[in-house]
Amino acid sequence: MTQHSANPAANPARRWRRRGLGLLLLAAAVLAACTLWPKPAATSQWLTQPVSSGELEQTVTAQGALAPRDYVDVGAQVSGQLSRVYVAIGEQVKKGQLLAQIDPEVYQTKVAADQAAVADLQAQLEQQQVATARARQLLARQTALAKVDATTSETLEQAQAGFDQARAGERSLQAQLAKAQATLKGDAANLGYTRIYAPLDGTVVSQTVLQGQTINASQSAPTLLRVARLDTMTVEAEVAEADIPLLRPGMAAYFTTLGDSQTRHAASIRQIKPTPTTSNDVVLYTVLLDVANPGHKLMIDMTAQVFFSLAKVSGLPVVPLTALQPLAAGSKRYRAQVLNRDGQPETREVEVALLTRSQAAIRSGLRVGEQLVLAQQSDDSSKVGSSKSGSLPPPPGG
């Protein structure tokens with residue numbers, strides 16, 4: 001009688017049937033998982049930026065330097081040694097205050113000699129005036145005698161000649177006296193010029209001649225000091241000729257300095273100088289802007305970055321200019337793309353209120369909070385996170 005084993009595992013056929021059933025169940029589970037697992041995301045996405053409102057200003061920029069609006073170069077009108085300087089650079093001075101002294105000895109000597117010459121001529125003139133009066137009396141007497149034939153014609157002629165000569169001598173001395181007085185006046189003025197006074201209230205900002213130096217004013221008036229009013233400064237901005245037609249006197253502007261780029265100083269155009277300068281074949285015009293300087297924080301020769309305000313808007317959506325494409329040349333209509341609710345780009349026609357070189361203020365066509373499409377960013381198996389930029393993606397449907 002044949003005996004069968006009681007252990008099922010001992011039966012090889014039953015073991016293989018159970019293994020096949022397990023593999024079949026595992027394959028079914030894998031298939032179900034593949035069917036129910038979510039599909040992977042698309043291999044491309046849009047690089048976007050939320051639309052936000054802001055302020056946009058259209059400007060013309062230029063560089064310049066600061067200078068005092070009102071200043072005087074104090075020079076010397078006479079030659080000589082600068083014997084004394086009474087002020088220092090940075091010192092506040094008042095109009096009429098003594099600033100410097102040129103050695104006056106030579107001019108004092110000239111004035112003294114001129115005064116003596118004037119006194120001598122005045123004495124000679126008085127003496128000649130007495131002689132003229134005597135000659136006048138003699139002529140009158142001879143004239144009266146001639147009427148009664150009590151004198152000769154020759155004596156009358158001699159009296160007339162004596163009177164004429166006395167009068168000529170008097171006129172000559174008067175002319176010499178006038179000349180001497182003019183010389184005295186000029187030399188006295190030169191003596192006064194040895195004392196140099198402040199021409200206005202201000203600050204001594206420079207000194208070019210030191211105490212003890214000899215000044216030669218025979219050819220030109222040398223500058224000794226510069227006195228300037230620093231309460232109002234002028235920015236001398238160099239503007240390219242292409243931008244000059246956009247500017248006009250009275251236009252608002254502002255500037256920052258090289259040492260403080262965060263502080264804006266409000267100014268206005270006072271003058272556009274008509275004569276240009278040329279630098280590296282670029283024609284530049286000097287534009288003058290005045291700015292109050294009550295604390296004297298703005299100093300001479302500071303470098304200024306100037307912004308001339310042409311137009312300004314606020315409270316409108318501001319977007320990068322690279323996100324727009326013009327619809328027609330010279331038009332304010334542009335094309336932009338935003339993401340719709342499905343996350344797909346949607347083409348919009350927008351109207352631009354103001355443009356700068358990098359941004360645009362949108363008058364209509366975009367709302368704050370919308371996602372503006374900037375570029376298309378694509379994922380690649382070899383280059384993860386690579387992007388395509390430089391132009392807007394094509395609208396859906398071509």
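Let me begin with a definition: a residue is called buried under 20% relative accessible area, exposed over 50%, and partly exposed in between, using a 1.4 Å probe and protein chains only. Valine 282 counts as partly exposed because its relative accessibility is 38%. Valine 282 lies in strand E13, residues 282-292; strands (E, at least two residues) and helices (H or I, at least four) are DSSP runs numbered from the N terminus.

Please note that this is a predicted model, in which local features need pLDDT of at least 70, side-chain atom pairs count only at pLDDT 80 or more, and totals for chains, interfaces and linings use all residues. Residues are numbered from 1 along each chain as its sequence is written, and side-chain values use heavy atoms, leaving out hydrogens and water.

I turn next to helix H2. Its 43 residues, 105-147, reach 63 Å from the first C-alpha to the last, close to the 63 Å expected at 1.5 Å a residue, where the expected span is 1.5 Å times one less than the number of residues. Which residues of H2 are buried? Among them are Val111, Asp114, Val118, Leu121, Leu125 and Gln128. An α-helix has 3.6 residues a turn, so residues three or four places apart point the same way. Helix H3 (153-193) is part of what covers the buried residues of H2, with contact meaning heavy atoms within 4.5 Å. Just after H2, aspartate 149 takes a positive phi of about 55 degrees.

Finally, I return to valine 282. Valine 239 is 43 residues from valine 282 in sequence, and their C-alpha atoms are 10.0 Å apart in space.
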